[in-house]
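Work through the exercises below with the sequence and model open. Try each task before reading its solution.

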Amino acid sequence: MDESLEPPTTEPQAPELPNYILEPLDKQSPDRLDAIATYATKLAAWKRAERERMADQKQEEESISEAQQNELEERDVSTDPANYDDVPAGGAYITIKETKPGYHYFYWQWRDGDSWKNEYIAPVNANQES
């Protein structure tokens with residue numbers, strides 16, 4: 001018999017989870033645990049897809065316009081992520097951030113796991129450039 005198909009002879013090592021999750025699981029029947037595992041797998045897949053949908057929506061709402069991108073290029077400011085050390089080639093987009101009232105800057109923005117990262121590009125107002 002294939003070793004991976006043999007029933008386990010020892011209780012599995014519990015993952016690093018809080019007791020309020022582990023203790024109720026330990027009290028469940030094998031059938032209920034199978035149902036929980038199926039649900040948890042589907043829930044995790046849905047949450048990953050939802051995170052992607054939300055990131056796409058945020059990008060659509062916050063990305064600069066084509067005219068603003070052309071303006072940057074006319075100012076000889078690169079809009080190619082490959083020209084920036086830490087900006088990933090895929091998933092990054094240019095947005096405008098207000099660092100303090102009245103001060104607007106172009107930034108690359110991208111998601112990194114569950115957080116967002118950004119990198120400065122240039123001021124929105126070309127007269128602010130040094």
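**Exercise 1. Which helix gives the most residues to the lining of the largest pocket?**

Step 1. Helix α1, residues 19–26, gives the most, with 4 residues. Helices here are DSSP runs of H or I, at least four residues, and strands are runs of E, at least two.

Step 2. The model is predicted: local features need pLDDT of at least 70, side-chain atom pairs count only at pLDDT 80 or more, and totals for chains, interfaces and linings use all residues. Numbering starts from 1 along each chain as its sequence is written, and side-chain values use heavy atoms, without hydrogens and water.

Step 3. List the lining: Glu11, Pro12, Gln13, Ala14, Pro15, Leu17, Ile21, Leu22, Leu25, Asp26 and Leu33. Lining residues have an atom within 4 Å of a pocket point; a pocket is an open set of points on a 1 Å grid where a 1.4 Å probe fits, with protein on both sides within 12 Å along at least five of seven lines.

Step 4. Sort the lining: 8 nonpolar, 1 polar and 2 charged.

**Exercise 2. In which sense do β2 and β3 pair, and over how many bridges?**

Step 1. β2 (residues 103–112) and β3 (residues 115–123) pair antiparallel over 8 bridges. Pairing needs at least two DSSP bridges.

Step 2. The two strands form a hairpin with 2 residues between them. Gly113 in the turn has a positive phi of about 70°.

**Exercise 3. Locate Phe106.**

Step 1. Its bridge partner in β3 is Ala122.

Step 2. Phe106 also touches Ile64, Leu72 and Ile94, among others (heavy atoms within 4.5 Å).

How values were computed: Ala, Val, Leu, Ile, Met, Phe, Trp, Tyr, Cys and Pro count as nonpolar, Asp, Glu, Lys and Arg as charged, and the others, Gly among them, as polar. Lists of a residue's contacts leave out its neighbours within four places in sequence.
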